[in-house]
Amino acid sequence: TGSQTVCVFGNGPRAGTLAVVADYPTEQDVALGPFSVASPQWAYLSMVANLADVDLRDVYRTYAVRCHVPRGDDREKRLLAGVKQCAPFLWRELWSARPTSILTLGAGSFYAFTRSKGVSTHRGQAFQWTLPCACDRGRCCAGTGSVADLETHDPRGVQHATPVLVHRHCACRGVCHFDDAPFTTWVVPSLSPGAVLARPNLHSA
């Protein structure tokens, strides 16, 4: 269906704001527009955010998987596979947004940052996370580039007056590098709004 092939990317203010990363666009998100308050999950999240005196218009919003993941017996498997496939897009978005903290919403979003399951167990437990480097060929190395020492020359041969942190060649056969230094932020896992709407007893969690 069309909802399975439409890729949805993030939007919102950049530099120094909170970011919210949901699992994937729901069918309503695709039909009504991404992050629309007419969509049940974003309407619910907006209500909860207002209780915390947060306006979602001041938050960068995106998804771990860029298209809808339909129901099915193998949905979790497809979700986790989609997380891995879409990771380069998510990392480059977050490099641009540079959020002060990231709220993950759901199992897929939690998996994107930890490569592990168990969002229910870890919800609300903040941890520091360093964004994987971006590759000069427009793809993300997903952390497979090896960090070099501080040097006066970067891998492209550019000389710097003072030593800078550089990366060596990475899996995408380009040069993996940071703009200036590793970008580290806080990540706080939480439940998916869709899961709470399906099971209202999860609201307090």
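**View 1. Asp53, out in the open in a loop.** With a relative accessibility of 73%, Asp53 counts as exposed, because the cut-off for that is over 50%. Asp53 sits in the loop that runs between helix 3 (40-51) and strand 2 (60-63). Its phi is near 60°, a positive value in a residue other than glycine. For comparison, most residues other than glycine have a negative phi. As with every view here, keep in mind that this is a predicted model.

View 2. Arg98 belongs to the loop between helix 4 and strand 3. Its relative accessible area is 24%, so Arg98 is partly exposed.

**View 3. The bend in helix 4.** Take a look at Cys86, where helix 4 bends by about 55°. A proline, Pro88, follows within four residues of that spot. Cys86 is also one of the buried residues of helix 4, along with others including Ala87, Leu90, Trp91, Glu93 and Trp95.

View 4. Which residues does Gly82 touch, once its neighbours within four places in sequence are set aside? Those contacts are Ala64 and Val65. His68 is 14 residues from Gly82 in sequence, and their C-alpha atoms are 9.9 Å apart in space.

**View 5. Where helix 4 packs against helix 5.** Helix 4 (residues 75-97) and helix 5 (residues 107-114) pack at an angle of about 65°, and their axes are 9 Å apart. The crossing is right-handed. On the helix 4 side, the residues involved are Leu79, Leu80, Val83, Lys84, Leu90, Trp91 and Leu94, and they meet Gly108, Tyr111, Ala112 and Phe113 of helix 5. By type, the residues of this contact come to 9 nonpolar, 1 polar and 1 charged. Several from helix 4 are buried as well, among them Leu79, Leu80, Val83 and Leu94.

View 6. Mean pLDDT for the chain is 76, with 72% of residues reaching 70 or more. The pLDDT stays below 50 over residues 136-140, a stretch with 16 contacts in the model beyond near neighbours in sequence. Residues 142-155 are below 50 too, and counted that way this stretch has 39 contacts in the model.

Definitions and conventions:
Residues numbered from 1 in each chain as written. Predicted model: local features only at pLDDT ≥ 70, side-chain atom pairs only at ≥ 80, totals over all residues. Heavy atoms only, no water. Axes fitted to C-alpha atoms, helices over the stretch in contact; angles between N-to-C directions. Helix = DSSP H or I, 4+ residues; strand = E, 2+ residues; numbered from the N terminus. Left-handed = near helix turned anticlockwise from the far one by under 90°. Contact = heavy atoms within 4.5 Å. Nonpolar A, V, L, I, M, F, W, Y, C, P; charged D, E, K, R; others polar. pLDDT = per-residue confidence, 0-100. Bend = angle between axes of the 7 residues up to and from the residue. Buried < 20%, exposed > 50% of the residue type's maximum accessible area, 1.4 Å probe, protein only.
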